[in-house]
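Subject: Structure handover

Hi,

Here is the structure I promised to pass on to you. Please have a look at it first, and then read on for what turned up.

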Amino acid sequence: MLDDMLDYLEHIRERPVWQPVPQQVRNLFHETLPRQPTDLGTVHASFMRDVLPFAVGNAHPGFMGWVHGGGTPVGMLAEMLAAGLNANLGGRDQMPIEVERQVLQWMRELFGFPVTASGLFVTGTSMANLIGVLVARTAALGVGVRQQGVAAGGKRLTAYTSAGAHGCIAQAMDLSGLGIDALRIIPMNDQYQMDTPTLERAIAADRSAGFTPFFIAATAGTVDVGAVDNLDVLADIAHREALWFHVDGAYGALAMLAPDIAPRLLGIERADSIAFDFHKWGQVPYDAGFILVRDGTLHHSTFASPAAYLRREARGMAGGSPWPCDFGPDLSRGFRALKTWFTIKVYGAEQLGQVISGTCALAQYMKQRIEAMPMLELMAPVALNIVCFRYRSDNADQVNTHIAAALQESGIAAPSTTSIDGHVAIRAAIVNHRTHTSDIDALLLATLAFGAAATKTGI
Ligand SMILES: *Cc1c(COP(=O)(O)O)cnc(C)c1O
């Protein structure tokens, strides 16, 4: 199995990025519950034949869809060790939790947070943003909100984010019981950043209408175009208005590792909480999200609970309090910290930062190539590693939707699409450490070919 996976990664360039799943392969996975054992080799062969070739392909250098990390062999091997140990990191006195605390310590250092800051591995930034909203809610309403619910105090909390924010911010408002209507969507300026004068007016209007503003969710690396909100100005506003300042840095926050990109995140060190993923720009295999909270005591009092079967002791295995389960909704938790610890130790922060800088440099290369191709048109500024463009055509939305699907089906490259100012854009998010200029060229040349063919056949 190890040989197969190492071969897979070594020769991934020779494979299509993605290929559609044939119906007969899908049908193989409609069998009934196997009552009898199957030989391990047979099951492994089925994996190699029926599953592996039909993955989404984000380990491939030509994959530039959405914002997916590429993973590494080091992360893969660490996952094997973690699974062999079968550690449960909910709590108790054990060294695996010290590994998680080590990563937390590194993240405090990276973001300039105090030693009292807390942090927790979670599935991804969707969960990390939810935890951010819940801790901010406790800050605004007091710990009693856990018992009495958000309606009891009669305060109507409002939160603020930009039109470029990820949908999971609204979802966090929904899941926390505050409601999506309580999230004010602030328009973006011409750099696709939250428009701060509009934000200030929205906060003032809400205060005079009897609402209680409590939360600003900034974005460091928007999912559509890779814009970074003006974090320092937002930190000023949050400070002046006494609001919680949260940063959704799902992929962008780790740009702190790259000396040439980090200055663009100025102000992130002033956040009350930061949500981010190691599984995107950090190249750690899925899944590995993280929430960092400045006020560790408040974070603890948002989640800790006194269940008798989780009693802490001064000695024995029930020591080591506080436990990770005191900082989030999960009790049983896997050893996500190990693959992250291995990745950071083996490659080192500098090399991980160079990967991040490298993908931004590739995005600038792609931008220049697009500007030199008369049939292509750039759709948004290239702030980090995301390039939105389209093929020029009378029927541009339809043609570009077709081109993106044709690229994916060709196996040459896999961009995704988004909507920029109401128009369909082909979107390349360069995240993978394996991607080179030749992959960018292949994507653009195939775009020209599919675009010309589509125009000729009148799609
Ligand atoms: C990817 C992303 C998310 C969601 O993170 P998951 O790890 O997929 O849950 C949230 N916000 C932004 C800006 C993202 O890029």
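A salt bridge here is a side-chain nitrogen of Lys or Arg within 4 Å of a carboxyl oxygen of Asp or Glu. Please keep in mind that this is a predicted model.

By that criterion, R333 and E100 are joined by a salt bridge, with 2.8 Å from N to O. R333 sits in the loop between α11 (296-303) and α12, while E100 belongs to helix α5, so the two partners are 233 residues apart. Are they buried or exposed? R333 is buried, at a relative accessible area of 4%, and E100 is buried too, at 5%.

The whole structure holds 18 salt bridges. Another of them pairs D439 with R13, their closest N and O atoms being 3.0 Å apart. This pair also links distant parts of the chain: D439 is in helix α14 and R13 is in the loop between α1 (2-10) and α2 (23-27), 426 residues apart.

Helix α14 itself (residues 437-457) has 21 residues and spans 30 Å from first C-alpha to last, close to the 30 Å expected. Its buried residues include I440, L443, L444 and A454 as well as D439. What do the buried residues of α14 pack against? Their partners are α12 (336-371), β8 (376-378), β9 (386-391), α13 (396-410) and β11 (423-429). After the helix comes G458, with a positive phi near 75°.

The largest nonpolar core has 70 residues, and M107, F111, I274 and F278 touch the most other members. Helix α5 (residues 95-111) gives the largest share of this core, 8 residues. A second, separate core has 28 residues, among them V135 and I291.

F111 deserves a look of its own. Leaving out residues up to four places away in sequence, F111 touches A253, M256, I268, E269, I274, F276 and L292. Of the 10 aromatic pairs in the structure, one is formed by F111 and F276, tilted, at 5.3 Å centre to centre and 50° between the planes. F276 lies in strand β6 (residues 273-277), 165 residues from F111. Both F111 and F276 are buried, and together with F121, F278 and F290 they form one aromatic cluster.

Two arginines also sit over rings: R294 has its charged end 4.4 Å from the ring centre of F113, and R312 lies over the face of W323 at 3.9 Å.

Best wishes

Methods:
Residues are numbered from 1 along each chain as its sequence is written. This is a predicted model: local features need pLDDT of at least 70, side-chain atom pairs count only at pLDDT 80 or more; totals for chains, interfaces and linings use all residues. Side-chain values use heavy atoms; hydrogens and water are left out. A nonpolar core is a set of buried Ala, Val, Leu, Ile, Met, Phe, Trp, Tyr and Cys residues joined through side-chain atoms within 4.5 Å. Buried means under 20% relative accessible area, exposed over 50%, partly exposed in between (1.4 Å probe, protein chains only). Helices (H or I, at least four residues) and strands (E, at least two) are DSSP runs, numbered from the N terminus. Contact means heavy atoms within 4.5 Å. Rings of Phe, Tyr and Trp (its six-membered ring) pair if their centres lie within 6.5 Å; planes under 30 degrees apart count as stacked, over 60 as edge-to-face and the rest as tilted. A charge sits over a ring if NZ of Lys or CZ of Arg is within 6 Å of the ring centre and within 35 degrees of the ring normal. The expected span of a helix is 1.5 Å times one less than its number of residues.
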